Amino acid sequence: MQAEERNRQDQHNFPQDSYKPRLIACEVTRRCNLACLHCRASAQSEPYPDELTGEEWMRLIDEIASLGKPILILTGGEPTLRRDIYEIAEHASSKGLRVVLSSNGININKESTKRMKNAGIKRLSISLDGATSRTHDSFRGVKGAFEKAVRGAKEAKEADLDLQINTTITRLNLEEVPGILNLAARLGAVAYHPFLLVPVGRASQLKAQEIPAEEYEKLLCWFAQIREKIALPIKVTCAPHYYRILHQRARERGKTVSAHTQGLNAFTQGCLAGTAFCFISFRGDVQPCGYLELKCGNIREKSFSEIWRNSEVLNDLRNIGKYQGKCGRCEFKRICGGCRARAYSVSGDCLAEEPYCVYEPATRKN
């Protein structure tokens with residue numbers, strides 16, 4: 001009964017108008033020059049029809065800037081395949097948005113890093129899914145991808161461009177995670193962002209390579225321990241119960257977890273889908289995140305602000321009183337929230353409980 005009463009209070013106290021986007025990922029193209037096993041978009045090398053034009057992206061950026069100054073992540077596919085990517089980035093920078101470009105590193109060279117700097121891009125993220133070429137190239141589907149990604153990372157540092165290294169973790173590369181982390185540090189990265197696999201798009205074929213929930217927990221505990229010993233900031237993505245683990249560890253020591261809400265290393269809570277983060281597809285569809293393919297509206301049909309404020313899907317995600325199962329009664333739901341995309345991929349309901357969490361809430365179901 002206590003859990004039910006808490007849920008009623010959560011629904012009653014739900015401040016729908018208080019949410020503002022802090023991070024927006026823009027899929028500026030779905031074209032890609034790799035064929036990654038885990039690609040959420042099942043990206044291909046050929047041009048996709050009906051992509052948003054440069055003018056459409058710039059109009060959207062103007063509207064976003066009128067609502068606030070979020071971090072804008074230019075992603076894909078491979079965003080450097082767009083001829084006007086630097087013009088789009090420069091326009092966003094001119095509007096006061098902090099721009100990050102997410103790349104596989106293949107096209108990163110002296111000329112591209114120079115153009116990124118001139119366009120006001122604050123950070124370049126490059127994905128490394130193995131500590132060796134054998135693992136990374138197998139993951140990415142193209143021989144030589146590792147060598148080119150490492151070369152691109154070095155070019156970024158040579159150009160004094162902040163470098164972030166991302167990794168999607170599965171059984172295929174789990175044992176190499178410490179090696180990848182060490183490589184990121186040697187390359188001079190300013191942040192390391194490991195992603196836990198969400199089985200959507202091409203990644204749906206990797207279900208057998210997903211890490212079991214128990215190993216998942218051990219890995220997140222390892223990240224929580226290692227972040228206290230190294231200078232390189234670690235931000236685990238698509239694993240919101242990592243934040244529950246951080247709070248548990250802090251509570252055991254009589255401390256609190258400091259939340260950094262500003263800057264590119266912002267550290268606040270677990271799943272941000274629909275509350276502080278959203279994804280805009282190459283055709284203008286607004287989604288809670290790139291892995292949660294629930295269309296909330298299209299910017300060719302409605303304004304971004306209207307979609308952000310009025311989407312039923314987004315407002316449901318903001319109302320933690322609607323969360324179900326263990327997530328609904330968990331004392332950590334405000335700082336974790338469970339991965340809404342993973343819940344949807346497993347159950348078909350984005351409000352269902354996180355299927356890869358072993359934690360049993362203190363308040364059990366009566």
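What follows is a working chat about this predicted model.

Me: Before we start, what kind of model is this, and how are residues numbered?
Reply: This is a predicted model, in which local features need pLDDT of at least 70 and side-chain atom pairs count only at pLDDT 80 or more, while totals for chains, interfaces and linings use all residues. Residues are numbered from 1 along each chain as its sequence is written, and side-chain values use heavy atoms, with hydrogens and water left out.

Me: OK, how many helices and strands are in the protein chain?
Reply: The protein chain has 13 helices and nine strands; helices (H or I, at least four residues) and strands (E, at least two) are DSSP runs, numbered from the N terminus.

Me: And what share of the residues is buried?
Reply: Of the 366 residues in the protein chain, 57% are buried, where buried means under 20% relative accessible area, exposed over 50%, and partly exposed in between, with a 1.4 Å probe and protein chains only. As for contacts (heavy atoms within 4.5 Å), 71% of those between residues at least 6 apart in sequence join residues at least 24 apart.

Me: Let's look at helix 4. Which of its residues are buried?
Reply: In helix 4, which covers residues 110-119, the buried ones are Ser112, Thr113, Met116 and Ala119. Seen down the helix axis, the buried residues fall within an arc of 125 degrees, so they line one face of helix 4; the arc is that of the directions from the helix axis to the C-beta atoms.

Me: Which residues are exposed on the other side, and what covers the buried ones?
Reply: Lys110, Lys114 and Asn118 are exposed on the other side of helix 4, whereas the cover over its buried residues includes helix 3, strand 3 (98-103), strand 4 (121-127) and helix 6.

Me: What happens at the ends of helix 4?
Reply: Asn109 caps the N-terminal end, with a side-chain oxygen 3.1 Å from the backbone nitrogen of Glu111. Helix 4 is followed by Gly120, which has a positive phi near 85 degrees.

Me: How do helix 3 and helix 4 sit, parallel or perpendicular?
Reply: Their axes come within 8 Å and cross at roughly 25 degrees, the axes being lines fitted to C-alpha atoms, for helices over the stretch in contact, with angles running from 0 to 180 degrees between N-to-C directions. Helix 3 and helix 4 are therefore roughly parallel to each other, since angles under 35 degrees count as roughly parallel, over 145 as roughly antiparallel, 65 to 115 as roughly perpendicular and the rest as oblique.

Me: Which residues meet there?
Reply: From helix 3, Tyr86, Glu87, Ala89, Glu90 and Ser93 meet Ser112, Arg115, Met116 and Ala119 of helix 4. The residues of this contact divide into four nonpolar, two polar and three charged, where Ala, Val, Leu, Ile, Met, Phe, Trp, Tyr, Cys and Pro count as nonpolar, Asp, Glu, Lys and Arg as charged, and the others, Gly among them, as polar.

Me: Switching topic: where is the cis peptide bond?
Reply: A cis peptide bond joins Gly76 and Gly77, with omega about 25 degrees, and Gly77 lies in the loop between strand 2 (71-75) and helix 3 (85-94). Most residues other than glycine have a negative phi, and most peptide bonds are trans.

Me: What is the phi of Asp50 and of Asp160, then?
Reply: Neither is a glycine, but phi is positive in Asp50, about 70 degrees, and in Asp160, about 60 degrees. Asp50 is in the loop between strand 1 (23-27) and helix 2 (54-67), while Asp160 is in the loop between helix 6 (145-158) and strand 5 (162-169) and counts as exposed at 59% relative accessibility.

Me: Last one, Glu354: buried or exposed?
Reply: Glu354 lies in the segment after helix 13 (340-347) and, at 2% relative accessibility, counts as buried.

Me: What does its side chain reach?
Reply: A polar atom of the Glu354 side chain lies 2.8 Å from the backbone nitrogen of Cys339, and the side chain of Glu354 also reaches the backbone nitrogen of Tyr356 at 2.8 Å. Leaving aside neighbours within four places in sequence, the residues in contact with Glu354 include Pro240, His241 and Cys327.

Technical notes:
A polar contact is a pair of N or O atoms within 3.5 Å; within protein, one must be able to donate a hydrogen and the other to accept it, and residues adjacent in sequence count only if both atoms are side-chain atoms.
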